[in-house]
Amino acid sequence: MAGFALRRVAGLVLVLLTVCAATFAIFYLLPSDPALQACGKSCTTERIAELHRQMGLDKPVWQQFADYLGGIVGGRTIGTGDLAVRCGFPCFGFSYQADRPVWDLMVDRLPTTASIAAGAAVLWLVIGLSVGIGSALRKGSGLDRSLMAATLTAASLPVFFTGLMALYLVVQVAGLLPFPTYVDFGDDPLGWARNLILPWIVLALLYAAMYARLSRSSMIETLSEPYIRTARAKGLPERVVVIKHGLRSALTPIVTVFGMDLGTLLGGAIITESVFGLPGIGQLTIDAINKSDQPVVMGVALLAAFFITLFTVLVDLLYAVVDPRVRVS
Amino acid sequence: MSLLEVRDLRVTFTTGRGALRAVDGLSFTLDRGRTLSIVGESGSGKSVSSLAIMGLHRDAAVEGSIEVDGVQVVGAPADQVRRMRGRRMAMVFQDPLSSLHPAYAVGEQIAEAYRLHFGAGRRAARLRAAEVLGEVGIPDPKRRLAEYPHQFSGGMRQRVMIAMALACEPELLIADEPTTALDVTVQAQILELIARVQQDHGLAVLMITHDLGVVARAADEVLIMYAGAAVEHGPALTVFAEPRHPYTRGLLNCLPRLDGDAEAALIPIPGNPPSLLSPPDGCRFHPRCAERQERLPCAVSRPLLPQPGPAHRAACHLLEETR
């Protein structure tokens with residue numbers, strides 16, 4: 001088990017290094033010159049060369065990459081002379097626009113994104129699994145068909161539509177809730193939830209629909225397995241058959257998808273954050289892309305890759321706990 | 001009184017293309033300490049019958065009468081039948097790998113039924129699980145309780161299934177093709193094991209199979225099913241020695257015999273079993289029957305197994321007893 005975990009973590013580091021190299025290569029190849037942007041309109045060739053030197057852009061590309069990696073691991077000093085700045089661990093460089101370390105920007109934004117993702121995840125798991133399992137147990141009934149029709153509708157509605165409709169109806173027309181702003185959980189837990197409830201519902205609606213369909217088909221498949229018949233032949237009550245014997249197996253594919261989805265969402269719920277104007281990682285990404293703020297774009301790309309790979313590894317480890325066949329082989 | 005009494009059992013499935021009567025008028029009795037083998041091709045209704053006895057049909061209409069130790073199963077409250085399952089009657093299935101839950105240790109899977117039916121605690125149930133695992137011939141049972149089905153060989157898995165069935169000391173054991181998924185060498189061991197636990201516990205065993213070799217080895221009585229109904233019923237040895245129904249004779253002609261002529265060709269039964277959505281009029285076997293006669297109502301009226309009748313009887317117009 002320890003060897004298994006170690007191999008997975010080594011894999012994670014390898015994936016992150018690859019993503020790092022790929023993003024670095026992409027931005028190195030891009031035509032836009034950050035020195036040109038920093039310099040402004042009245043710029044001389046000498047000034048640009050000086051800026052290149054200060055930003056370290058005059059060094060060979062492998063040297064720049066090594067500096068970047070070194071900064072992530074141990075922090076580094078960027079630039080030379082008067083303009084030299086210390087960028088502490090973990091250093092993802094400086095934002096050209098905000099003139100702050102990329103790491104600080106991400107740390108500022110992460111609680112918003114994490115709050116959106118966590119709350120939505122709880123909602124969609126509860127709703128999605130209940131609908132899916134309920135449908136599976138009444139397969140072919142009127143309830144099953146109407147629930148599945150509802151999930152199809154919910155899955156086809158884009159967040160920018162449901163989000164705007166929710167804002168208009170709940171906030172504008174009915175005035176039931178304030179327009180969402182981010183309130184820190186530590187300061188005011190109730191306000192935190194009140195402000196995030198709309199984004200949670202809107203985001204969860206989409207995922208709950210997919211999870212309902214997934215858990216329904218997974219449950220139907222499991223319930224047709226011979227070992228379920230064995231469980232019934234033992235005289236176990238239907239509740240035990242469904243939960244202990246059925247759900248246990250039916251959850252396995254859902255755990256996989258859930259890990260990936262949560263990892264992806266932590267990298268920024270771009271559309272949800274935009275619709276509700278919440279300052280999360282997604283908003284940071286959009287702003288950075290619009291303003292060609294390359295260090296920030298690289299930083300959020302790496303952060304997203306980190307979360308996705310991290311959750312994939314977590315799912316793998318969880319698999320070994322859930323399925324004894326994985327543990328042995 | 002017999003432990004198991006099945007009278008005029010009918011099992012009907014509703015399909016998109018109409019009602020399918022998979023079992024149509026099956027009757028037999030089975031005493032404690034005896035083994036009855038139900039033999040038939042795929043789709044003859046033998047497994048459907050066994051699931052009906054266990055009360056495991058969820059979307060089929062079951063009619064007629066099934067009494068286990070005097071308790072009626074057909075039409076009984078679901079919860080009452082559930083309490084009998086695993087306790088009074090237990091079942092061993094064909095493929096032990098897919099019939100065991102992959103994610104639970106075998107000890108837990110055996111102990112779970114014992115806890116449920118006897119209200120036993122975890123420790124007592126664990127002890128009982130180790131006891132039955134030892135009884136079915138699994139070495140070092142205490143240690144193997146914690147292992148998972150995939151860590152056992154095919155034969156050992158079927159032993160686990162049998163241990164699971166025995167855990168609550170049932171009186172009726174239904175084995176549905178218990179050796180079909182196993183190696184030939186292991187098949188014999190499993191049949192011997194079933195025979196041994198039957199003797200030790202005085203079990204009534206209902207053995208479902210399509211393998212006449214299994215019948216010859218294990219059964220006291222044999223019931224041959226064709227297209228949802230019994231065509232011949234009698235003591236196993238008598239049926240093999242003097243088959244009375246043309247279908248039974250056909251089945252035996254398909255088998256090579258050690259004491260027979262090595263040059264003699266095996267004769268398959270021509271044609272296929274009928275669709276049960278629209279079974280043929282008259283005798284269901286008559287379209288394939290080599291012995292049918294125009295003077296007899298083979299194509300018109302359906303011969304039924306005489307109830308009650310002699311110990312060895314068949315449902316065929318060729319025979320006096322049926323007319």
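**A helix with a kink, and its setting**

Modeller: Please bear in mind that the model is predicted. Where does a kink lie in helix 8 of chain A? A kink of about 45 degrees is found at Leu196(A), shortly before the proline Pro199(A).

Helix 5 of chain B has 14 residues and reaches 20 Å from its first C-alpha to its last, close to the 20 Å expected at 1.5 Å a residue. Several of its residues are buried, including Ala125(B), Arg126(B), Ala129(B), Val132(B) and Leu133(B). In an α-helix there are 3.6 residues a turn, so residues three or four places apart point the same way. The cover over the buried residues of helix 5 of chain B includes helix 4, helix 6 and helix 7 (154-166) of that chain. Just after helix 5 of chain B comes Gly137(B), with a positive phi of about 85 degrees.

I now return to chain A and to the record for it. In an unreviewed entry, UniProt lists residues 191-212 of chain A as a "transmembrane region", together with residues 12-30, 114-137, 149-171, 254-276 and 296-322. Of these, residues 12-30 of chain A are 95% helix and 0% strand, with end C-alpha atoms 27 Å apart. The UniProt annotation "domain: ABC transmembrane type-1", also from an unreviewed entry, covers residues 110-319 of chain A. That span is 82% helix and 0% strand, and its end C-alpha atoms lie 27 Å apart.

Chain A as a whole has 14 helices and 2 strands. Its C-alpha trace spans about 85 × 60 × 35 Å along the principal axes. Of its 329 residues, 35% count as buried. Among the contacts in chain A with a separation of 6 or more, 65% join residues 24 or more positions apart.

One loop residue of chain A shows such contacts. Gly93(A) lies between strand 2 (85-87) and helix 5 (102-137) of chain A. Gly93(A) counts as buried because it has 23 C-beta neighbours inside 10 Å, and 20 or more are required. Apart from neighbours within four places in sequence, it is in contact with Tyr68(A), Gly71(A), Cys87(A), Val102(A) and Pro295(A). By contrast, the C-alpha atoms of Gly93(A) and Ser141(A), 48 residues apart along the chain, are separated by 58 Å.

How far may the details of chain A be trusted? The mean pLDDT of chain A is 87, and 96% of its residues score at least 70. Where pLDDT is low, the predicted coordinates should not be read in detail.

Chain A also meets chain B. The contact takes 18 residues from chain A and 22 residues from chain B. On the chain B side, helix 2 (78-84), helix 3 (96-99) and helix 4 (106-118) each give two or more residues. Helix 4 of chain B gives the most, with 4 residues. The chain B side divides into 10 nonpolar, 6 polar and 6 charged residues.

According to an unreviewed UniProt entry, the annotation "domain: ABC transporter" covers residues 6-252 of chain B. Those residues are 41% helix and 27% strand, with end C-alpha atoms 27 Å apart. Asp140(B), between helix 5 (122-135) and helix 6 (141-144) of chain B, has a positive phi of about 55 degrees although it is not a glycine. Glu177(B), between strand 7 (172-176) and helix 8 (184-201) of chain B, likewise has a positive phi, near 50 degrees, without being a glycine. Is each of them buried or exposed? Asp140(B) counts as exposed because it has 10 C-beta neighbours inside 10 Å, whereas Glu177(B) is buried, with 20 other C-beta atoms within 10 Å.

Terms used. Residues numbered from 1 in each chain as written. Chains lettered and ligands numbered in written order. Predicted model: local features only at pLDDT ≥ 70, side-chain atom pairs only at ≥ 80, totals over all residues. UniProt positions renumbered as here; feature names shortened; annotations may be inferred. Buried ≥ 20, exposed ≤ 12 C-beta atoms within 10 Å, placed from the backbone. Contact = placed C-beta atoms within 7 Å. pLDDT = per-residue confidence, 0-100. Nonpolar A, V, L, I, M, F, W, Y, C, P; charged D, E, K, R; others polar. Bend = angle between axes of the 7 residues up to and from the residue. Expected span 1.5 Å × (residues − 1).
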